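Subject: Structure handover

Hello,

Here is the structure for you to look at. My notes on it follow below.

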Amino acid sequence: MKNTEPPTAYLRVKNWERFQHYKRRNPPWIRLYNELLDDYAFSRLQDASKWHAVGIWLLASRFDNRIPDDPHWIAQRINARSALNMPELLSAGFIERYQDASVMLASCEQNSIPEAETETEENTTSLRSVAVVEVLKKPAEGNGKGAVELGGPGGMAANELVGMWMDRMPTKPEPADVRKQGGAAKRICEHHSREHVLLALDGIEKIAPHCLGEPFDLFDLERKFSKAVSAGSQTPATKAVARAQRLRGALG
């Protein structure tokens, strides 16, 4: 059974503001200073860990410097071919581990209240898993429809996709609007890989009229999915990862 509970342990990049150019979450690129070549701690890292550190910096830009403390998941997201040496990166001071008290509190409150009485509240976590799960599990009043299934074979859960969509909205969506996204989220997650969904989320905001400030919903994402994936694949960060993959392949 898939675990829909949000993690409580996270990693963050130290001095993250030095890498930031854009103020919004999920920027197309980050700053990387050439003075890193003179950094003693960086020079002492194993070669694999140096790339892992850069990959984690890129990943932090996508998750608002709030990365789930899951080395296997991180390795998949940064396309690492060797195991991550997290103790080395932590001891070198490039990343740090912390506990998210707000998620722990939400989880405790969720367990202490009967499910039938649970109400969806403002959730400030980046994935908003607790709030989104409750909204999607509760059928809309009066329409007789059941709850949306949360998981899909494509590698991403529908509630996670809805949470990511909520994070990108300029204002907090109403619960009724969140429920409406469930069907599109389920279809997207059933038919597309996790990586393609993330690329589409990056790319949809580069397609008119959304590039002009018009908000999108998951029905827009579903209709324009292929075009959004193509647009998302053109971001500098994605191209940099692709170049690094080709270089690793060339070096054997």
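Valine 13 stands opposite isoleucine 95 in S3. The model is a predicted one: local features need pLDDT of at least 70, side-chain atom pairs count only at pLDDT 80 or more, and totals for chains, interfaces and linings use all residues. Residues are numbered from 1 along each chain as its sequence is written, and side-chain values use heavy atoms, with hydrogens and water left out.

**Sheet**

Strand S1 covers residues 9-13 and pairs with S3 in the antiparallel sense, over five bridges. Strands here are DSSP runs of E, at least two residues long; helices are runs of H or I, at least four residues long; both are numbered from the N terminus. Two strands count as paired if DSSP finds at least two bridges between them. S1 also pairs with S2, again antiparallel, over two bridges.

Leucine 11 has partners in both strands. In S3, arginine 97 stands opposite leucine 11. In S2, the bridge partner of leucine 11 is isoleucine 67.

The three strands form an open sheet in the order S2-S1-S3. S2 (67-68) and S3 (95-99) are the edge strands, and each pairs on one side only. S1 is mostly covered, with four of its five residues buried. Buried means under 20% relative accessible area, exposed means over 50%, and partly exposed lies in between (1.4 Å probe, protein chains only).

**Overall numbers**

The protein has 13 helices and three strands. Of its 252 residues, 44% count as buried.

Now the contacts, meaning heavy atoms within 4.5 Å. Take those between residues at least 6 apart in sequence: 69% of them join residues at least 24 apart.

**Core**

The largest nonpolar core has 53 residues. Such a core is a set of buried Ala, Val, Leu, Ile, Met, Phe, Trp, Tyr and Cys residues joined through side-chain atoms within 4.5 Å. Trp57, Ile74, Leu161 and Leu221 have the most contacts inside this core. Helix H2 (residues 47-62) gives the largest share of the core, seven residues.

What does leucine 161 contact, leaving aside its neighbours within four places in sequence? Its partners are Met156, Ala185, Ile188, Cys189, Val197, Leu201, Leu218 and Leu221.

**Salt bridges**

There are ten salt bridges in the structure. The criterion is a side-chain nitrogen of Lys or Arg within 4 Å of a carboxyl oxygen of Asp or Glu. One network of them links Arg62, Arg168, Glu195, Asp202 and Glu205.

Start with glutamate 195 and arginine 62, whose side chains meet at 4.0 Å, N to O. Glutamate 195 lies in helix H10 (residues 194-204) and arginine 62 in helix H2, so this pair ties together parts that are 133 residues apart in sequence. Glutamate 195 is partly exposed, at a relative accessible area of 34%. Arginine 62 is buried, at 17%.

Arginine 62 also meets aspartate 202 in a salt bridge, at 3.2 Å, N to O. That pair links distant parts of the chain: aspartate 202 is in H10, arginine 62 in H2, and they are 140 residues apart. Aspartate 202 is buried, with a relative accessible area of 7%.

Arginine 168 forms a salt bridge with aspartate 202 as well, the closest N and O atoms being 3.6 Å apart. Arginine 168 lies in helix H7 (residues 158-168) and aspartate 202 in H10, so the pair ties together parts that are 34 residues apart in sequence.

**Helix H12**

In H12 (residues 225-232), the buried residues include Phe225, Ala228, Val229, Ala231 and Gly232. They sit on the same side of H12, because they cover an arc of only 165° around the axis. That arc is taken over the directions from the helix axis to the C-beta atoms. Ser226 and Lys227 are exposed, on the face of H12 turned away from the buried side.

Best regards
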